[in-house]
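Welcome! Please take a look at the structure below, and then we will walk through a few of its features together.

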Amino acid sequence: MKPSTAGWVFAAPALGVIGLFFGLPVLAALALSLTDFDIYSLAHIENLRFVAFDNYLGLLRNPLFWKALGNTLYFVAVGVPLSIAVSLGAALLLNSKLGVFKPFFRTAFFAPVVTTVVAVAVIWRYLLHTRYGLINWGLSGLGIDPVDWLGDPRWAMPSIIVFAVWKNFGYNMIIFLAGLQAIPEDLYEAARIDGASATRQFRHITLPILGPVLLMVSILTLAGYFQLFAEPYVMTQGGPLQSTVSVLYLMYEEGFKWWNLGNASAVAFLLFVLMTASTSALMWLARRKGVE
């Protein structure tokens with residue numbers, strides 16, 4: 001048996017499982033997005049009609065879809081760079097020779113990642129409460145009026161962004177920390193001998209070597225933040241004034257609140273196209289910069 005054939009034979013069981021539990025559902029959802037499948041179709045299959053791309057065209061004419069898309073892009077544009085910056089900063093602190101109690105802080109920073117998002121979201125709702133929240137209590141001590149963090153359209157999405165960054169930065173921090181620990185110390189010693197400052201060392205040694213790690217973290221974070229759902233679902237239910245409705249939240253409402261499963265599938269595939277385009281653009285930009 002040829003080595004290439006042997007490889008396919010060994011991979012066949014895994015490929016079969018992936019095809020059965022991932023490939024077929026995706027194809028079924030794509031077919032569903034081309035129909036008007038709703039609660040009446042659940043009652044009787046004869047009520048199902050093929051509508052081609054009407055679901056997609058209807059979404060493009062729906063102001064709520066564009067509102068949800070704008071909210072999602074805002075969340076991604078602000079949250080992804082902020083999350084990466086906080087993660088990298090925490091990793092640099094934990095990798096520093098001057099750091100103390102590193103195991104404790106490493107565990108503390110990573111703990112939110114493994115905590116149930118619903119549980120910590122409920123806690124954050126109390127922290128952000130207008131009258132009884134700890135944050136407004138601290139602001140009142142500084143003479144600042146209480147802020148309606150989750151009830152004001154201007155502050156609801158920024159509050160969710162801060163919560164999401166706090167919840168998820170520990171995962172990327174561990175990846176960055178592994179990348180930093182793989183950088184040879186000799187490079188930093190040579191740079192210090194040549195008189196390079198800490199800023200120059202970070203710019204000319206740390207960042208270039210971390211390039212592939214930074215690319216992977218960016219793609220993972222981008223894909224995760226596009227799938228914003230649990231945070232607005234628990235904390236704001238899409239409000240106030242639909243300022244925190246995301247594309248995935250819209251898909252949930254279409255599919256499981258109004259039972260327009262054809263529309264919900266169309267929303268899912270539009271989100272898939274958007275995520276694919278964004279990650280492809282990121283990969284293209286990384287290749288132009290020489291990062292592989």
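## The annotated span

In this predicted model, residues 69–280 are 75% helix and 0% strand.

Two packed helices are described by the angle between their axes and the distance between the axes. Here, helix α5 covers residues 102–110 and helix α8 covers residues 153–181. Their axes come within 7 Å and cross at roughly 135°.

Which residues make the contact? From α5 come R106, F109 and F110, while α8 brings F169, G170, Y171, M173, I174 and L177. Sorted by class, the contact has 7 nonpolar residues, 1 polar residue and 1 charged residue.

## A closer look at T72

Now find T72, which sits in helix α4, residues 63–95. Is T72 buried or exposed? Its relative accessible area is 0%, so T72 counts as buried, the cut-off being under 20%.

What does T72 touch? Leaving aside residues up to four places away in sequence, T72 is in contact with F226, S246 and V247. With V247 there is a polar pairing too: a polar atom of the T72 side chain lies 3.0 Å from the backbone nitrogen of V247.

Note on methods
Residues are numbered from 1 along each chain as its sequence is written. This is a predicted model: local features need pLDDT of at least 70, side-chain atom pairs count only at pLDDT 80 or more; totals for chains, interfaces and linings use all residues. Side-chain values use heavy atoms; hydrogens and water are left out. Axes are lines fitted to C-alpha atoms, for helices over the stretch in contact, and angles run from 0 to 180 degrees between N-to-C directions. Helices (H or I, at least four residues) and strands (E, at least two) are DSSP runs, numbered from the N terminus. Contact means heavy atoms within 4.5 Å. Ala, Val, Leu, Ile, Met, Phe, Trp, Tyr, Cys and Pro count as nonpolar, Asp, Glu, Lys and Arg as charged, and the others, Gly among them, as polar. Buried means under 20% relative accessible area, exposed over 50%, partly exposed in between (1.4 Å probe, protein chains only). A polar contact is a pair of N or O atoms within 3.5 Å; within protein, one must be able to donate a hydrogen and the other to accept it, and residues adjacent in sequence count only if both atoms are side-chain atoms.
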